[in-house]
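Q: I would like to learn how to read pockets and helix packing. Please start with the terms.

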Amino acid sequence: MRLRVIAVGSRMPAWVDAAVEDYSRRLGGFCKFELKTLNPASRREVGGDERAAKALEGKRILALLSERDVAVPLDEHGKQLTTLELSSWLGEQRGLGSDLAFIIGGPDGLAAEVLARGRMVWALSRLTLPHALARVVLAEQLYRAATVLSGHPYHRA
């Protein structure tokens with residue numbers, strides 16, 4: 001199984017990169033984990049139009065997805081899952097041989113086409129999280145869910 005995070009925004013604080021790298025390393029026994037970053041679309045690229053910038057980011061994101069990928073856009077209006085629900089869902093996807101692509105949008109969110117491409121739209125929280133923190137929370141929760149599946153004692157519920 002391959003877990004990929006596609007995230008808009010390329011310059012993160014060192015603590016974010018370190019945390020994501022740590023969880024990536026830990027996930028190595030469960031799956032192949034990859035972080036793919038995209039530069040945010042510049043409004044200058046699209047004549048200052050915010051909607052056009054979001055649409056351009058959407059096209060760039062969709063271009064990175066294969067037909068085989070199960071896309072999981074992250075959006076505050078998506079479905080909230082407990083860790084055990086996420087773990088169960090990951091187990092089902094692993095059983096199906098799915099490759100998962102979790103998508104974190106830029107400051108203006110995700111284009112409607114990206115949300116529509118999602119098999120599940122997932123909300124990490126109803127809180128608005130900084131995109132940097134969302135990367136860390138996502139990586140940690142994927143690791144936590146993987147440890148539940150493997151019977152590792154990391155998750156103590």
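A: Helices (H or I, at least four residues) and strands (E, at least two) are DSSP runs, numbered from the N terminus. This is a predicted model, where local features need pLDDT of at least 70 and side-chain atom pairs count only at pLDDT 80 or more, while totals for chains, interfaces and linings use all residues. Residues are numbered from 1 along each chain as its sequence is written, and side-chain values use heavy atoms, without hydrogens and water.

Q: How many residues line the largest pocket, and which lie nearest its centre?

A: The lining has 19 residues; Leu74, Asp75, Glu76, Leu129 and His131 lie nearest the centre.

Q: At what angle do H1 and H5 pack?

A: Axes are lines fitted to C-alpha atoms, for helices over the stretch in contact (heavy atoms within 4.5 Å). Angles run from 0 to 180 degrees between N-to-C directions. Helix H1 (residues 14-27) meets H5 at about 15 degrees, and their axes are 9 Å apart. H1 and H5 are therefore roughly parallel (under 35 degrees).

Q: Which residues make the contact?

A: H1 contributes residues including Trp15, Val16 and Tyr23. Among those from H5 are Leu133, Val136 and Tyr143.

Notes
On a 1 Å grid over the protein atoms alone, a cavity is a set of points where a 1.4 Å probe fits but cannot get out, and a pocket is an open set with protein on both sides within 12 Å along at least five of seven lines; lining residues have an atom within 4 Å of a point. Angles under 35 degrees count as roughly parallel, over 145 as roughly antiparallel, 65 to 115 as roughly perpendicular and the rest as oblique.
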